[in-house]
Amino acid sequence: FEYNGEDPPDAVVQAESLVRDVLASLCPDDMISDPGDIHRIIDDGHIIVPDDDLSLDATTDGAQTLRINGVDLSILSSLDNKWAFGDGLHASTTLPIRGLEEFFAGDWASEQPPSLLDYGCGSGILTLVGLALGADNVTSVDISDDALFLTKENLRRNEHIVNYCKTVQVLKSLDDGSGNWEGSFDVVVANIPSNTLTMLVPTLARALKDGTGVVLTSGYPTTELENVAKAANDCGLDEEMARRRYESGWVLQVFGVG
């Protein structure tokens with residue numbers, strides 16, 4: 001709606017009230033406990049209903065409790081009541097969560113704990129999922145200072161899993177970390193819009209261990225999957241088609257070294 005003046009017209013107020021009623025009928029009470037949550041759901045452009053398999057519950061401080069591999073994670077997804085980062089409810093996040101679960105249960109079920117790079121970490125939710133699944137030597141990267149702060153806060157809130165990891169780094173750039181990052185990671189996860197992701201694929205490919213590493217990409221609708229696949233192919237990565245997953249118009253793609 002567009003209007004002039006300080007107060008919205010009655011039509012806008014009535015429309016917002018109607019949307020609230022609809023959302024209230026579709027979403028759990030703990031997801032719409034205040035107006036900020038309503039605006040979050042509307043602004044994201046989706047009616048978000050949590051997946052029961054992920055066991056998401058709201059906590060009193062606004063965080064979500066996410067159960068992964070029998071471990072409860074406390075995920076704070078916003079700063080100062082601003083909707084900014086992933087809380088595990090949207091398909092673009094649930095897809096890589098399931099992708100990581102499949103990877104750890106399959107490829108690495110009887111191997112040494114894999115190293116993990118979470119590129120575009122946001123709230124750090126995928127970092128925490130990786131840690132809960134058994135990742136070691138974990139690096140989280142984001143250009144947003146708010147994201148870095150929030151990831152560190154979520155790591156602090158979940159010390160019960162962080163303490164089992166040899167190394168956890170939260171960085172604004174891979175070059176800011178200790179040691180050489182090229183060829184260092186068994187699994188790379190990137191939940192990033194496709195226009196940015198396609199430019200970052202060369203970096204993600206260089207971060208993989210030769211011959212064994214995989215890249216999990218999400219954060220974009222199915223209409224963009226061919227563009228991402230082409231960018232990956234140009235960097236010597238081949239998509240593992242059997243691992244492609246879809247949900248609500250979004251997609252997860254998994255690439256390995258060709």
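Let's start with the rings. There is one aromatic pair in this structure. The partners are Phe103 and Phe104, with ring centres 5.8 Å apart. Their planes sit at 80°, so the pair is edge-to-face; the cut-off for that label is over 60 degrees. Phe103 and Phe104 are both buried. Keep in mind that this is a predicted model.

Next, Ser194. Where does Ser194 sit? Ser194 belongs to helix H7, which covers residues 194-207. Is Ser194 buried or exposed? Its relative accessibility is 10%, so Ser194 counts as buried. The limit for buried is under 20%.

Now the neighbours of Ser194. Leave out residues up to four places away in sequence, and Ser194 touches Tyr220, Glu224 and Val228. Ser194 and Leu225 are 31 residues apart along the chain. Their C-alpha atoms are separated by 8.2 Å.

The volume of the largest cavity is about 40 Å³.

Which residues line the largest cavity? The lining consists of Val201, Leu204, Val215, Thr217, Ala232, Leu237 and Phe255. H7 supplies at least two residues of that lining, and so does strand S10, residues 214-218.

To recap: one aromatic pair, a buried Ser194 in a helix, and a largest cavity of about 40 Å³. That's my part.

Note on methods: Residues are numbered from 1 along each chain as its sequence is written. This is a predicted model: local features need pLDDT of at least 70, side-chain atom pairs count only at pLDDT 80 or more; totals for chains, interfaces and linings use all residues. Side-chain values use heavy atoms; hydrogens and water are left out. Rings of Phe, Tyr and Trp (its six-membered ring) pair if their centres lie within 6.5 Å; planes under 30 degrees apart count as stacked, over 60 as edge-to-face and the rest as tilted. Buried means under 20% relative accessible area, exposed over 50%, partly exposed in between (1.4 Å probe, protein chains only). Helices (H or I, at least four residues) and strands (E, at least two) are DSSP runs, numbered from the N terminus. Contact means heavy atoms within 4.5 Å. On a 1 Å grid over the protein atoms alone, a cavity is a set of points where a 1.4 Å probe fits but cannot get out, and a pocket is an open set with protein on both sides within 12 Å along at least five of seven lines; lining residues have an atom within 4 Å of a point. Grid points are joined across faces, edges and corners, and a volume is the space filled by probe spheres set on the points.
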